[in-house]
Amino acid sequence: MTRSGAKRELHGPGVIALLGSGETSASGGQVFETLARHLPVPLQARVLETPAGFELNAGQVAGRVADYLRQRLQNSSPNVLQVEARRKDAATLAEPGVNQPLLDAELIFLGPGSPSYAVRHLRGSLTWELALARHRVGAALVLASAAAIAAGALALPVYEIFKVGEDPHWKAGLDLLAPFGLSLVIVSHWNNHDGGADLDTSRCFVGRQRFDPLLAQLHPTMTVLGLDEQTGVILDLQRERCKVLGHGQIHILRGGSEQAYAHGTDFSIHELGDFRLPEPLEAGISPETWQAVQARPTAPAASGLPQDVVELLAQRQAARERRDWAASDRFRVEIARRGFRVTDTPEGQQVEAEDPIRRG
């Protein structure tokens, strides 16, 4: 028996998509659509405002992405919400405040802004802990531009170097992939050429002349992942594969050598380092947070139901919430035609396969 809306069983981490830029471009849309095909319908998508939280128009920056997802992912009936966690706050699971929408997120996006600011206000926050926990039970994480940089073991302080004039240096990052055995330094806007012929703005605006000494500062065990603009890579952690999508290339600098992969390339995640799947409670996620996220609706990957049945259940639940009982009954009939019986309980819709002999 499977319950739609009942307790989710831990079934492994979701995918991670890293974008060099262009989250609202055709390339970014291709990444989002690829992920959405394997996520529940209606899709619960969340756009975090944290990376741009220092900007007066942080809501508009995130809002442009939210509007794009509503349009681009129409086939997934997306419920797209902005998470206004612009600064680290004292929210708790008892009163999650602005973080409430993260509790049932299936796709979480973080994008443009300042890498340094993102690290400072996400590290140790309930916002980041909920995002990690949701990812570890199957939600997809999409990080672009500044957020992709912040997710590394070390983060490139772009504004401090390029705008303020500080000497080239690294700051500690969020180290998103450390529990998976990977020590990655992620650099977006790898092939930027806004400076034209007069100014090298590659390597996320700092230029080769300043970036090469930065490479020398890295520990030999670290891998640099450079992401060209309008280019992304999807890390399928459970299949241990990576796929490149977009106009440019991704660049892997490891052990003194560089390898570049273009659109459509599929390669082993072990090319990024000594990958492993972690134990469920690694990465500093509290038992309370695990309990909170596992109490949310079951995703298709955990339910064992066919995708079309999952979609019909979601539509039936939506019909019941708006008290459209006729539509609810129609969806029940459609589900029955696919060989499943639905029973409504105080805990939600319970689903079980019909006995084929009785059905006959």
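**Exercise 1.** Is Phe-211 buried or exposed, judged by its relative accessible area?

*Solution.* The model is predicted. Step one: the relative accessible area of Phe-211 is 1%. Step two: buried means under 20% relative accessible area. Phe-211 is therefore buried.

**Exercise 2.** Classify the ring pair of Trp-170 and Phe-211, and locate both residues in the chain.

*Solution.* A pair of aromatic rings is described by the distance of the centres and the angle of the planes. Step one: the ring centres of Trp-170 and Phe-211 are 6.2 Å apart, and the cut-off for a pair is within 6.5 Å. Step two: the planes stand at 75 degrees, so the pair is edge-to-face; angles over 60 degrees count as such. Step three: Trp-170 sits in the loop between helix H6 (158–164) and strand E8 (171–172), while Phe-211 belongs to helix H7 (residues 208–216). The two residues are 41 residues apart, and the pair links distant parts of the chain. Step four: Trp-170 is buried too, with a relative accessible area of 12%.

A search of the whole structure gives eight aromatic pairs. Separately, one aromatic cluster is formed by Phe-54, Tyr-117 and Tyr-159.

**Exercise 3.** Describe the largest cavity by its volume, its lining and the elements that supply the lining.

*Solution.* Step one: the structure has one cavity of 30 Å³ or more, and the largest cavity holds about 70 Å³ of space. Step two: residues of its lining include Val-47, Leu-48, Glu-49, Val-61, Ala-62, Val-65, Phe-109, Leu-110 and Gly-111. Step three: at least two lining residues come from each of strand E3 (44–48), helix H2 (58–72) and strand E5 (107–110). H2 gives the largest share, three residues. Glu-49 is in the lining and Glu counts as charged; Gly-111 is in the lining and Gly counts as polar.

**Exercise 4.** What is the strand order of the open sheet that four strands form, and which strands are at its edges?

*Solution.* Strands of a sheet pair through backbone hydrogen bonds, either parallel or antiparallel. Step one: the order is E9-E10-E13-E14, with mixed pairing. Step two: strand E9 (184–187) and strand E14 (257–262) are the edge strands, as each pairs on one side only. Step three: from one strand to the next, the twist averages 20 degrees. Step four: strand E10 (residues 223–227) and strand E13 (residues 249–254) pair in the antiparallel sense over four bridges. Leu-227 is opposite Ile-250 in E13.

Notes:
Residues numbered from 1 in each chain as written. Predicted model: local features only at pLDDT ≥ 70, side-chain atom pairs only at ≥ 80, totals over all residues. Heavy atoms only, no water. Phe/Tyr/Trp six-rings, centres within 6.5 Å; stacked < 30°, edge-to-face > 60°. Buried < 20%, exposed > 50% of the residue type's maximum accessible area, 1.4 Å probe, protein only. 1 Å grid on protein atoms, 1.4 Å probe; cavity = no way out; pocket = protein on both sides within 12 Å on 5 of 7 lines; lining within 4 Å. Points joined across faces, edges and corners; volume = space filled by probe spheres on them. Pairing = 2+ DSSP bridges. Axes fitted to C-alpha atoms, helices over the stretch in contact; angles between N-to-C directions.
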